[in-house]
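Take a walk through this fold, from the whole chain down to single side chains. Keep the model open alongside the text.

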Amino acid sequence: MADADLPAVQRLEKELFPEDAWSEAMFLEELAGCPATRHYVVAQDPDGRLVGYAGLAAVAGQADVQTIGVGTARRRSGIGAALLTELLDEAARRGCEAVFLEVRADNAAAHRLYERFGFVRVGVRKRYYQPANVDAIVMRRELRRRPAAGFTRGNQ
């Protein structure tokens, strides 16, 4: 994602999240963190129209999916899965051990996508999404396990 993508991203953002859409300033702030702590990507159709976007924050071995959006006309076509795959791959490239995200409790399609990718529910943030008073389900996916500390029979 680049600054030039923001008008199309904003149109899609307002379509998808009318009550709590991110502002252009919020996206600009996120993009300012690229590549140090942020990774933002877009998906385009064959005609070059932006049909999806996603962003990741990664610091100190932990990553957070900041946002994923796919236009309603292009849902269930694999775009969300492709965007999520890119975020997980980037988290792994950065050496992260876990990826977290928050998803609206009333977004069943997103829940299914995240569960298909191995995310598990680890908590709830009550009334997180405002002004709708909708809970956020906090989910986590482990990327890799640390090796065991200490000695084992094989390395004594």
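Of the 156 residues in the chain, 40% are buried. The model is a predicted one. Its C-alpha trace spans about 60 × 35 × 30 Å along the principal axes. Four helices and six strands make up the secondary structure. Their order along the sequence is α-α-β-β-β-α-β-α-β-β. Among contacts with a separation of 6 or more, 55% join residues 24 or more positions apart.

Start with the sheet. It is open and holds six strands, in the order β1-β2-β3-β4-β6-β5. The pairing is mixed. Strands β1 (38-44) and β5 (120-129) form the edges, and each of them pairs on one side only. On average, neighbouring strands are turned by 25° against each other, direction ignored. Strands of a sheet pair through backbone hydrogen bonds, either parallel or antiparallel.

Which way do β3 and β4 run relative to each other, parallel or antiparallel? Strand β3 (residues 62-70) and strand β4 (residues 98-104) run parallel, and three bridges join them.

Helix α4 (residues 108-116) touches β3, β4 and β6 (134-142). Its direction makes about 165° with that of β4. Helix α2 (residues 24-32) lies across β1, β2 (50-59) and β3. Relative to β1, α2 runs at about 120°.

Now turn to helix α3. It has 15 residues and reaches 21 Å from its first C-alpha to its last, close to the 21 Å expected at 1.5 Å a residue. Which residues of α3 are buried? They are I79, G80, A81, L83, L84, L87, L88, E90 and A91. The buried residues of α3 pack against β1, β2, β3, β4, α4 and β6. After the helix comes G95, with a positive phi near 80°.

In soluble globular proteins, nonpolar side chains tend to be buried together. Here the largest nonpolar core has 28 residues. Those with the most contacts inside it are V65, I68, L83, L84, Y114 and F119. At least two residues of this core come from each of β1, β2, β3, α3, β4, α4 and β6. Helix α3 gives the largest share, seven residues. Take V65 as a point of entry. Not counting residues up to four places away in sequence, V65 touches G55, L56, L84, L87, V99, F100 and L101. There is also a second, separate core of eleven residues, which includes M1, V9, L16 and F27.

Is A98 buried or exposed? Buried means under 20% relative accessible area, and A98 is at 5%, so it counts as buried. Leaving aside neighbours within four places in sequence, A98 is in contact with G61, Q62, A63, R140, R141, E142 and L143. L88 lies ten residues from A98 in sequence, and their C-alpha atoms are 9.3 Å apart.

Finally, follow the charges. Side chains of opposite charge can pair when their charged atoms come close. The model contains eleven salt bridges. Four residues, E86, E90, R93 and R94, are linked in a network of them. R93 pairs with E86, at 2.9 Å from N to O. R93 also forms a salt bridge with E90, with the closest N and O atoms 2.7 Å apart. Why are R93 and E90 about one helical turn apart? Because they are three residues apart in helix α3 (residues 79-93), about one turn separates them. An α-helix has 3.6 residues a turn, so residues three or four places apart point the same way.

R93 is exposed, with a relative accessible area of 52%. E86 is partly exposed, at 24% relative accessibility. E90 is buried, with a relative accessible area of 11%. Elsewhere, the side chains of R104 and D106 meet in a salt bridge, at 3.0 Å from N to O. R104 is buried, with a relative accessible area of 17%.

Definitions and conventions: Residues numbered from 1 in each chain as written. Predicted model: local features only at pLDDT ≥ 70, side-chain atom pairs only at ≥ 80, totals over all residues. Heavy atoms only, no water. Pairing = 2+ DSSP bridges. Axes fitted to C-alpha atoms, helices over the stretch in contact; angles between N-to-C directions. Contact = heavy atoms within 4.5 Å. Buried < 20%, exposed > 50% of the residue type's maximum accessible area, 1.4 Å probe, protein only. Expected span 1.5 Å × (residues − 1). Core = buried A, V, L, I, M, F, W, Y, C linked by side-chain atoms within 4.5 Å.
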